[in-house]
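Here's a quick tour of one model, for anyone who likes to look at packing. Have the viewer open as you read.

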Amino acid sequence: MLFGNDNDRRMGAPTAVQRLPRKASTRNVFEHSEKLGRAPTASDLREVPVAPPATEAYIQAKKSMLAALFETVDISAVSDMDQTKARREMAKVIHEIITLKKLRLSTAEQSRIATEICDELFGFGPLEPLLARQDIGDIMVNGPKNIFIEVGGVVEKTDVQFRDDEHLLATCKRIVSQVGRHVDSSNPVCDARLLDGSRVNVILPPLALKGPTLTIRKFKKDRLRLRDLVDFGSISPAGAKLLAIIAASQCNVIVSGGTGSGKTTLLNCMTAFFDRRERIITLEDAAELQLQQPHVVSLETRPPNIEGKGGVNMTALMKNCLRMRPERIIVGEVRGPEALDLLQAMNTGHDGSMGTLHANTPRDAVSRIETMITMGTAALPILTVREMIAGSVDIIVQTSRLRDGSRRITHITEVIGMNGDIIITQDLLRHEITGEDKRGNLTGRFASTGIAKPKFYDKAAYFGLGDRLTKALEEAGALEARPENQAAKRA
Ligand SMILES: Nc1ncnc2c1ncn2[C@@H]1O[C@H](COP(=O)(O)OP(=O)(O)OP(=O)(O)O)[C@@H](O)[C@H]1O
Ligand SMILES: [Mg+2]
């Protein structure tokens with residue numbers, strides 16, 4: 001019920017505040033609200049640019065405004081309303097309060113106060129302007145006063161601040177509650193995917209020592225494609241062709257790389273070369289992949305609820321996925337015992353399966369898989385584990401974020417088998433840093449290692465891509481060494 005008491009009903013058509021959920025038994029401080037003029041509309045609010053520093057009068061006005069709102073409007077009920085409608089109504093109420101309280105604010109300040117309050121009540125508070133920027137990849141909030149962003153691979157501190165720990169904590173709670181999750185000091189960790197697809201992690205004190213800590217990997221609406229990576233200088237044109245052939249030939253691929261080095265992005269790019277008839281099942285902790293094929297099933301793990309029940313981890317999801325007749329299985333990030341399930345799947349008729357993992361070199365990636373499997377199933381002898389890896393993984397692609405912030409694909413490596421108890425790999429393509437340009441950007445080149453017929457040639461030939469593979473490798477060998485092909489551009 002929206003109306004608080006009979007007075008409201010006697011007033012005829014509901015005013016803005018009346019349309020909002022009211023706190024029970026609060027006095028109607030907006031009795032004359034119907035006499036008020038035009039209120040800022042939602043679009044007025046959206047147009048507010050990044051704000052100049054607030055004056056003392058403005059800060060006081062905002063405080064008094066918030067007090068009036070909290071006194072009269074049932075904020076938690078408002079948060080449950082349709083966002084656009086709630087924002088519109090709230091903007092009107094704010095305008096009413098400004099007039100009633102005779103607050104001395106310019107038109108620009110009125111719009112700004114309404115935007116900021118709506119952002120705090122419904123959205124991400126001071127983070128909203130950062131979220132609206134398309135050039136930002138990550139937003140990292142280390143306590144209320146230290147907010148960093150990543151732009152073009154480079155991390156920088158912003159002027160944006162929360163008032164205090166409480167303000168930040170309330171924002172964290174609201175963010176995760178939008179997707180049905182909850183954080184507090186007894187559940188201080190939360191991983192979630194926001195409604196817009198962004199990935200968010202919250203960790204609170206006592207685990208985070210400097211106050212609530214929030215990390216957002218912003219969802220990019222314009223997903224990157226392999227040709228964008230070529231334009232950015234992340235891979236050479238021949239290297240991109242090689243990756244496309246690897247994806248189309250149903251090779252089993254591990255994308256390895258450091259944190260934020262572009263693993264998920266590359267995996268996503270490679271999926272564009274899958275046959276549209278294939279049934280693909282993706283498994284992720286927070287769904288980020290955006291496959292374009294018609295026959296895709298996306299699955300997401302679920303953490304346990306507050307009572308520790310109802311959790312579905314990656315291993316359980318993997319087991320279920322195998323009953324869903326997948327043709328390709330894509331695991332967003334392999335980080336535990338599910339590595340064994342993925343390898344088994346790769347080995348048992350699910351060619352073309354892929355996953356990412358955190359490792360610094362292709363050799364490290366092999367060791368990481370080994371460790372993940374032995375930690376999950378100590379009973380398996382190490383030789384068996386290695387044979388499994390050698391028998392199932394075809395290609396390891398290594399991504400890296402260099403010190404100038406650029407992302408490069410530094411290795412395309414083949415797993416070619418075993419020599420005794422050692423897994424043998426061979427690089428097909430490597431990136432070498434050659435120097436630094438005047439702007440501090442690293443220059444480099446993508447060099448073919450001269451392998452003319454890789455082990456996966458037969459797979460490529462089976463899909464009619466044998467000649468293209470040979471050509472791509474020739475091109476890589478012949479062209480990549482030329483200086484004009486050097487990668488210096490930054491994303
Ligand atoms: N080749 C590239 N050039 C420029 N930007 C890129 C490139 N690849 C990825 N990015 C950007 O870098 C950010 C991180 O990318 P991505 O999520 O793919 O990394 P990741 O390695 O999967 O990270 P994590 O380890 O956190 O899962 C994103 O904002 C993405 O748009
Ligand atoms: Mg990732």
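## Ground rules

This is a predicted model, so local features need pLDDT of at least 70 and side-chain atom pairs count only at pLDDT 80 or more, while totals for chains, interfaces and linings use all residues. Residues are numbered from 1 along each chain as its sequence is written, and chains are lettered from A and ligands numbered from 1 in the order in which they are written.

## The cores

The largest nonpolar core holds 67 residues. Such a core is a set of buried Ala, Val, Leu, Ile, Met, Phe, Trp, Tyr and Cys residues joined through C-beta atoms within 7 Å. Among those with the most contacts inside it are Leu 242, Val 253 and Leu 342. Helix 11 (residues 237-248) gives the most to this core, 8 residues. Another core, of 20 residues, lies apart from it and includes Leu 127 and Ile 139.

## Helix 15

Helices here are DSSP runs (H or I, at least four residues), numbered from the N terminus. Helix 15 takes in residues 362-376. Pro 362, Ala 365, Val 366, Ile 369, Met 372 and Ile 373 are buried there, meaning 20 or more other C-beta atoms within 10 Å of their own, with C-beta atoms placed from the backbone; exposed means 12 or fewer, and partly exposed is in between. These buried residues line one face of helix 15, because they fall within an arc of 125° seen down its axis (the arc of the directions from the helix axis to the C-beta atoms). Thr 371 and Met 375, on the other side, are exposed.

## Thr 115

Thr 115 sits in helix 7 (residues 107-122). Thr 115 counts as buried because it has 24 C-beta neighbours inside 10 Å.

Technical notes
Helices (H or I, at least four residues) and strands (E, at least two) are DSSP runs, numbered from the N terminus. The expected span of a helix is 1.5 Å times one less than its number of residues.
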